[in-house]
Number of protein chains: 2
Amino acid sequence: MRARIHARILDGTYGPGDKLPRDEDIANEFGCARSTVQRAMRDLSDSGMIERRRKGGTHVRFDPVTRATFDIPITRKEVENKGCAYDYQLISRSTLQTPRCIAANFGLPAPVEMMRVKALHLSDRQPHIYEDRWICTGTVPEIATVDLQRISANEWLVRNKPYSRCDIRFYTQQAGRHEARLLGIEPGEALFVTERTTWIGAEAITTVKAFAAPGYQLISRI
Amino acid sequence: MRARIHARILDGTYGPGDKLPRDEDIANEFGCARSTVQRAMRDLSDSGMIERRRKGGTHVRFDPVTRATFDIPITRKEVENKGCAYDYQLISRSTLQTPRCIAANFGLPAPVEMMRVKALHLSDRQPHIYEDRWICTGTVPEIATVDLQRISANEWLVRNKPYSRCDIRFYTQQAGRHEARLLGIEPGEALFVTERTTWIGAEAITTVKAFAAPGYQLISRI
DNA sequence: AAGTGGTCTAGACCACCTC
DNA sequence: AGGTGGTCTAGACCACTTG
C-alpha cells in the first residue's frame, strides 16, 4: 500500500513544485487509512523528495536533491573494519585559551579555556589520520582524568558524551610541512579534511580537524 | 511520550551492546501503545543508535556511529544558492565503447556503448566543477535528443531520470595538467572529487566524476 | 479561525528470522 | 515453530502556520 503511494509520485503523476492532495483525500482515493498515507509521506519527506508544512500542505520539492547518508564510525573501528591493524599515538595535550577562530566555531564571542589534543591514528603501522582537537573542559571536566595515551579522545567522547547537535564539513587541503611530516607524505599532497563540532544543548563539547592521508574515501550507497 | 523513550536510551540506562526489552514490554512499562514504541524505535534505528531484527530483538549498537546526511543539489542550484552567477560550458560529447573500468563501475563484465560528456560548471565566471560523465544510451536513449549546450546532463538527468540506486564516494586528488587547465588552477592543487553512479532497477543510468576546485566544501548539520 | 500535517491509541495481521 | 519487529486500520486529539 505504501509502495503504491511511493510509485505514484515517482512515476511523474506529480512533478517538481506540484501540490499534492491532502493526506485524507489520498487515503480515500487509495482506500487506505490516513496514517498509512502519513507514513508514506514521511518516508518521502525524509528522502528529500517532498516537503510538508502544516496548513501549507505537501509539495513535491521544486529543486530535487540527492540526499546521501554516511556513517562515520570511530576511527579505530573504521580501520579495523578494513581488516587493518589499528594503532594510536598521542602527540600532545595541553590546556589553554582557544584562539578566536576556534571559539568562533562554537559561536562563542570570546576565547575560553579548553584542552587541545593532537593525535595520530595508524592503519597497519602507516599514518592514517592526524587529528587536532579542542575539548571544552567546562562541559567535559572528566576529560582531565582520561588516559589519552590508551584511548583516543575520538573514541572516549563518542562512547561517553552524547551530543545534541553536530556540524560536519568536508573539504580538501594541500598538506603543509607539519601535516606532511606527521602523515609521512610529501608537502603538497591532497588531504581529505573533516571538521566536526559538537554541542550538548547550548554547551560546546569539542571541535576537531581530522586530516586523512591521500587515498581516504567516504562512501555511501542509497 | 516518544521523547521519554528516546531520553531513556540516551541517558545511559542501556549501554552499547545491551538488549532492550520487547516493544510490548516497553509499552506496558510506559503505559503507551506499542505503535508509539515502534515509532520511537524507528527513529533511533534511523539515527544509527540501535539495531532491530525480527525475532532477534532490539540492541543498542555496539559501535556507535555518527550518521550524517548531506543534500547534494543540482550544480546550478548549488551555485545560485550561494548567490553566485551560474554558467555552464559543454566541452565535448561523443558515443563510444566504455573502457573496462567504467563498465566495472556498473558491475558490468564487458564494455558497452555509452555517451561520454565532459562539461564545466562556472560560479561567477570562475571554473567551479569539471565533470566527466558516461551515460548509458541503452537505458537513456532520449539523451541523444537533449541539447546539452543549454542544459547540463547533471540537471537533465536529475529532473528526468529517477533512479533506484546510487553509489557515491568522495575523495581527494591532486590536479593533473588536464584538470588544472580546465579549472584554471595549478597542477598539484587539491581537488575534491565526487563519484556518483546510478541505476534504475538493474539498468545502469550514468556514472560521473566531478572535480571541484579548491575551496569546495560539503556541509551537514545534525 | 480554520485547515493541514503530526502524534497517539488499541488492536489485527503479516513477515521475517532465530532457535 | 514461535517470537519478534513491521505494516496497517479507524479513529481521536493536538500543534502549527498560513490566509
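D63(B) forms a salt bridge with R159(A), and their closest N and O atoms are 3.2 Å apart. Here a salt bridge means a side-chain nitrogen of Lys or Arg within 4 Å of a carboxyl oxygen of Asp or Glu. Across the interface of chain A and chain B, the rule finds seven salt bridges.

This is a predicted model, in which local features need pLDDT of at least 70 and side-chain atom pairs count only at pLDDT 80 or more, while totals for chains, interfaces and linings use all residues. Residues are numbered from 1 along each chain as its sequence is written, chains are lettered from A in the order in which they are written, and side-chain values use heavy atoms, leaving out hydrogens and water.

Now let's look at the whole interface. Contact means heavy atoms within 4.5 Å, and buried area is the accessible area (1.4 Å probe) that two parts lose on being put together, summed over both.

| Feature of the chain A and chain B interface | Value |
|---|---|
| Residues of chain A in contact with chain B | 47 residues |
| Residues of chain B in contact with chain A | 46 residues |
| Buried area | about 4,300 Å² |
| Share of buried area on carbon and sulfur atoms | 49% |

What joins β8(A) to chain B? Five bridges link β8(A) to strand β11 (residues 217-221) of chain B, and the two run antiparallel. Strands are DSSP runs (E, at least two residues), numbered from the N terminus, and two strands pair if DSSP finds at least two bridges between them. In β11(B), L218(B) is the bridge partner of F170(A).

Terms used: Helix = DSSP H or I, 4+ residues; strand = E, 2+ residues; numbered from the N terminus.
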